[in-house]
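Hi there,

Here is the structure I promised to pass on to you. Have a look at it first, and then read on for my notes.

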Amino acid sequence: MTWLRVFSARIRAMLNARRLDRELEEELRSHIEMETEANIGRGMSPAQARRQALLEFGGISQTAELYREGRTIAWLEALGEDVRFALRGFARAPGFTAVAILSLGLGIGVNVAIFSMINMLLLRPLPVPDASRLVVLGSQQKGGFPMPAFAYADYRDIREQTAATFSGLLAYYAGLDGLSAEGHADRIMTHYVTGNYFTLLGLQPALGRVILPSEGKVEGADPVLVLGYSFWKARFASDPNVIGKKVLINGHPVTVVGVGPRNFHGVQALVDIQAFLPLSLASSSAGFPSLSDIRSIRNLYVMGRLAPGVSLDQAQSKLKIVSQHLAADHPNDLAGVTITAQPQISGKIPNGEGLPAAAAFFLAMAALVLVLACINLANLLMVRAGARQKETAMRAALGGSRIRLVRQFLTESFLLTIFGAVTGVFLSVWTCSALGTLKAQGVPLYLDLSFDGRVLAFTAGASIFAGLMLGLIPALRGSRTNLAVLARDGGQRLSGSRQRMRSVLVMGQVAASFVLLLVAALLINSLEITRRTDLGFDPHNIANFSMDPHHVGYNETQGRQFYQELLRRVRGLPEVESAGIAISGPLSPIILPMQVQPEGYEFPKGQSAPTVFYDIVSPGFFQTLRIPLVRGRQFRSSDNQNAPLVAMVNQALADRYWPGQNPIGKKILRTPDPTHWLEVVGVLKDVRYLAVPELRQPYVFFPFEQSYVPIQTLRVRYRGATDTAMAEVRKEIANLAPGLPVAGMETMRQQIESSAGFVGLRLETGFATVLGLLGLALALLGIYGVVSYTAAQRTHEIGVRLTLGASAHDIRKLVLGRGLLIICIGLPAGLLLAFATAPILRSLLPGVRATDPWMLSMLIVLLSSVTLVACYIPARRAMRADASSALRNE
Amino acid sequence: MGQSKSDVLQGTLDLMILKTLDTLGAMHGWGIAQRIRQVSEDLLQLNQGTLYPALLRVEQKGWIASEWKVTENNRRAKYYALTPDGKKQLEAEKLEWERFAGVMARMLNATE
């Protein structure tokens, strides 16, 4: 370990170089003095004694030099010199340095931000031990939708039949509940879990205990609750005494027994689960017995851990066999259904199949921006290298080796990169925190965009790539200097080949920025088209209020009374034109599928009853949203518990199951309730219910009074100012049910903007716009740099031309010529690239529409005009030059 | 006198320093130079300057430690002293050197 000791001694010495130099000087001086004294003692004269002493010593400065060499680490010292030299250079050119660092920072920052997003969505596993062995179960109905959820009876059967395949299967119901504690109620997101949830995941509580495998097996038993860590921190101020406390969930008392682990937010992506309860308590939230044998209500999500030695493929084949068994036993519910498993990491975003490709596309765009930034910087560095040709030649002449010179350039570019990377990281952290405020579907998105090893490695990789790219080109060119440059005084003139190379690079930039801009324009256009889509209802002047009176302990009778009274009072407000309630409503986050049996409809052999979507609405709901009635009648207040059961359907349902027939008077059966047929009394026009770009989906509607469900969203059509109307309605709710938490208070427009399809499109558009504008800015910077530099380099030539009688017009042509060349070659190249890219984009992002010629011409005009401006400014400067000063400049 | 000044082997000088400090205790550079001159009875005449890079080298290896002190003549000087590691190193190098010297002696005295 001696070398390590020497190394650290030398490092310490380098840090204290100045003090050690002083000490050495003193040490050597005292040596000479002692020797002199001794010599005097031997009888020499003082002068002779000193001379003899110096002679004996053998060269003070030589010794000091040898000593210093032994004290330091040569390469490190050289590096220090390079760094100091580079920093001095940066300080001398603050404009260059700022542009360089900022453009690199933007380039790296946008990459890191996009990668953080991808990391969160696609790469980061659940924070549980051995997460790679976790799988998410789902099922696929033949000729129907993929169904992510299972009925409890299905879960129980699958678990029993796959005991050798999985170490365990867990199930959970995702609820939205009212939690009352210390006098006020909150609406929280919950998981009702099977008892093995925490143990199967391998999680330890931060405090207290988790839910135990023995719990949650008997309906209504085990009234316990485990708080989510961040909710515990926010709602209970991290109070450890919360353990043992009684709180109310939807009015039912439960005991807090523990707090979940610190980094665990539930097994679903993008949301933070605030409390975990045993599945046996879910009936208070789900509104039906959660451990029941009814197979048609599927609302449990199932995850499993592969048993040791079992592969995903083996699990898949086992599940296929289990599906066949189940279908044979329960043909009405499960015929034609195949159960599937996929790794947790790829199954964590619902409907996320297209995500990896879209992610790769955006990452490629971001990489392109970084390349543009690097090209710009390489260009700027080459300009500097050109301006420093004399310096370089001088250093070469004085014996600086080529390696040493290249190293100097590399040091500069790496320093720039480090500064750029730091700036980029700050920019991306800022972007990520802005993204963190995103809401989707009325729920705050939980976006954990924190830095982890992967993001760090990516940042380092991107920075090293940038550093190498922008260091090597100018370094290799800059150091290839011959001494002839020194002899020629006009050392700063660039050679023709380098000039050409820079122009080619800039043409590439124009082409690339054209593509980036086109992608942005396409997405902006798609977003606009989506926004202008005719939704089939009138979303203006509608305000939403979501609530569940069970959250404050109301029973069914009280709940019915509450809603009746609420509607009566709200309709009486002067600000309110009309009002109605529904569980879900168009473009709402709540999607309600149900298997139904339409009268007279024979579903294909080997398939279970068809799944349609349903909603439960009050009279006045469709009028409030202005959804037109096509046939029959609306729901009336007389459609209550004592009246015959009725339903309304949309045109899509009527056309699918009763084509060419009059649907009014037809009967329809809800499979959970096989005893009561409902009579269709009205047909509604199709509206966009699930998502904006949707196919026509079959929908059935039930009247609120005949199918009471406590969770409802009140929608009012208001007059006048939004804020006043919302405040008035909110006041009425508070008067009627003090302390009732109201969520999703927003206008219908806001709700649509945060609906599933919109959030993704908005995010994509945002990223693409930023990338496009960055690309444009970088390309402009590049053009401006090249043209103004060319103009400056040709000052002498311009002077000569002016002297010889050239007009300002001629000079302008001379300087603008290069800019025009860049446009003439760069734009068509960009157009070609764009035509190559557009189909890829359309296949990746389903929301994107076709390129239209109008948009392309707009982009061409935009790019050419800004390019011309970037050329014109330096050209004007060149024109203003008068002949004498231009010549004197030499 | 046959020895030229630059011919002193590096390792030899390091060993001399260690031995000197072992004998004298803490000592400054000039004192060490004096001692080497005395012991070698002026047979070995080294450039006193070369002593200092050697002292640095040995100190970096952790075999000696230095400290500023005042001499009996009231002059500030840097005193060097053997560390426990240095003591061990001295023993090891001494053995090595004696073995080497023995081998050389046998080589040179061997008669065909």
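**Notes on chain B**

B:A65 has B:A81, in strand 3 of chain B, standing opposite. Please keep in mind that this is a predicted model.

Strand 2 and strand 3 of chain B run antiparallel to one another and are joined over 7 bridges. The sheet of chain B is an open one of 3 strands, ordered 1-3-2, and its pairing is antiparallel. Strand 1 (27–28) and strand 2 (64–70) of chain B are at the edges with a single partner strand each, so each has one side without a neighbour in the sheet.

Stepping back to the whole chain, chain B holds 4 helices and 3 strands. Read from the N terminus, the order of elements in chain B is α-β-α-α-β-β-α. Of the 112 residues in chain B, 29% are buried. If you take the contacts in chain B between residues at least 6 apart in sequence, 51% of them link residues at least 24 apart.

Now for the other chain. Chain B puts 16 residues into the contact, and chain A puts in 22 residues. On the chain B side, the elements giving two or more residues are helix 2 (29–39), helix 3 (51–60) and strand 3 (76–82). Helix 3 of chain B gives the most, with 5 residues. Sorted by class, the side of chain B that touches chain A consists of 5 nonpolar, 6 polar and 5 charged residues.

Happy to talk any of this over.

Best wishes

Terms used
Residues are numbered from 1 along each chain as its sequence is written. Chains are lettered from A and ligands numbered from 1 in the order in which they are written. This is a predicted model: local features need pLDDT of at least 70, side-chain atom pairs count only at pLDDT 80 or more; totals for chains, interfaces and linings use all residues. A residue is buried if 20 or more other C-beta atoms lie within 10 Å of its own, exposed if 12 or fewer, and partly exposed in between; C-beta atoms are placed from the backbone. Two residues are in contact if their C-beta atoms, placed from the backbone, lie within 7 Å. Ala, Val, Leu, Ile, Met, Phe, Trp, Tyr, Cys and Pro count as nonpolar, Asp, Glu, Lys and Arg as charged, and the others, Gly among them, as polar. Two strands pair if DSSP finds at least two bridges between them.
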